[in-house]
Amino acid sequence: MDGGPGAFNPRTAEEVFRDFRGRRAGMIKALTTEVEKFYQLCDPEKDNLCLYGFPTETWEVNLPAEEVPPELPEPALGINFARDGMDEKDWLSLVAVHSDAWLLAVAFYFGARFGFDKEARKRLFNMINSLPTIFEVVTGTVKKQSKEKTPNGNSKSNKSNSKPTSQTKAMKVDLPKDDDESEEEEEEEDDEHGNTLCGACGDNYANDEFWICCDVCERWFHGKCVRITPARAEHIKQYKCPACSNKRARA
């Protein structure tokens, strides 16, 4: 297995992190927004299959590399065999855990190959550690010190009429306020929202982006990640994310 489409040889900690982030984004797509396609490709009747992520934010399910030793560390082998023997959620979580381990192996393989010193390895780890793991994105169980919050700062049961709520700057100000009071509230909002992650791409909440919440799994998504615009959201009575929609279709 080579580096895949758009492969390159990263030689600095920043370049390795860019490679890591691209591969991670591709694998998250496979396990969230494109999970139906991933599920179908992991046929238990086929040979040992692996999930690969590429720097171009794409993914594929394929056989492992034939050369020994392979050019890069190989991901978990035979992920397709457990597909029908486990609950789908548990199976996806298992694949996510192995995917996290593979990404770390590839990143630090590059670090060893290009002779990263202690500081470069530490810098690489800190950049990687700033992102939630694939497992955390797939399961929606991001560990954080503060109480888990949704983008609007309210409990999940406070969604009015089960309609998705968009988060835009224009919706945040109702009445004129003192400058100091407004700044304090904005800082509090940023702290609350910063821990919320998109269920598709895994990136943090940003207060200038439109978000939508799935009424089934109650995870939040960037509108652009699930191809929902604010205008379209106004006409959706109950929103189901791609993963929940596909799960219902198979059932």
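This is a predicted model: local features need pLDDT of at least 70, side-chain atom pairs count only at pLDDT 80 or more; totals for chains, interfaces and linings use all residues.
Residues are numbered from 1 along each chain as its sequence is written, and side-chain values use heavy atoms, with hydrogens and water left out.

1. The helix pair. Helices here are DSSP runs of H or I with at least four residues, strands are E runs of at least two, and both are numbered from the N terminus. The axes of α3 (residues 88-113) and α4 (residues 118-129) come within 11 Å and cross at roughly 155°. Those axes are lines fitted to C-alpha atoms over the stretch in contact, with angles running from 0 to 180 degrees between N-to-C directions. The two helices are therefore roughly antiparallel (angles over 145 degrees; under 35 is roughly parallel, 65 to 115 roughly perpendicular, the rest oblique).

2. Who touches whom. On the α3 side the contact is made by L104, A107 and F108, and on the α4 side by R121, L124, F125 and I128 (contact means heavy atoms within 4.5 Å). By class, that gives six nonpolar, no polar and one charged residues. For the classes, Ala, Val, Leu, Ile, Met, Phe, Trp, Tyr, Cys and Pro are nonpolar, Asp, Glu, Lys and Arg are charged, and the others, Gly among them, are polar.

3. The structure holds four salt bridges (a side-chain nitrogen of Lys or Arg within 4 Å of a carboxyl oxygen of Asp or Glu). One of them joins R23 and D19 at 2.6 Å, N to O. Both sit in helix α1 (residues 13-31), four residues apart, about one turn of the helix. R23 is buried at 2% relative accessible area, and D19 is buried at 2% as well. The cut-offs are under 20% for buried, over 50% for exposed and partly exposed in between, using a 1.4 Å probe and protein chains only.

4. Loop to loop. The side chains of E209 and K224 meet in a salt bridge at 3.5 Å, N to O. This pair links distant parts of the chain, 15 residues apart: E209 is in the loop between α6 (179-193) and β3 (211-213), and K224 in the loop between β4 (220-222) and α7 (230-233). K224 counts as exposed, at 63%.

5. Back to α3. K89 is found in this helix and is exposed, at 52% relative accessible area. K89 and T139 are 50 residues apart in sequence, yet their C-alpha atoms are 8.0 Å apart in space.

6. Backbone check. Most residues other than glycine have a negative phi. Where are the exceptions worth a look? E218, not a glycine, has a positive phi of about 60°; E218 lies in the loop between β3 and β4 and is partly exposed, at 29%. R227 has a positive phi near 60° too. R227 sits in the loop between β4 and α7 and counts as exposed, at 73%.
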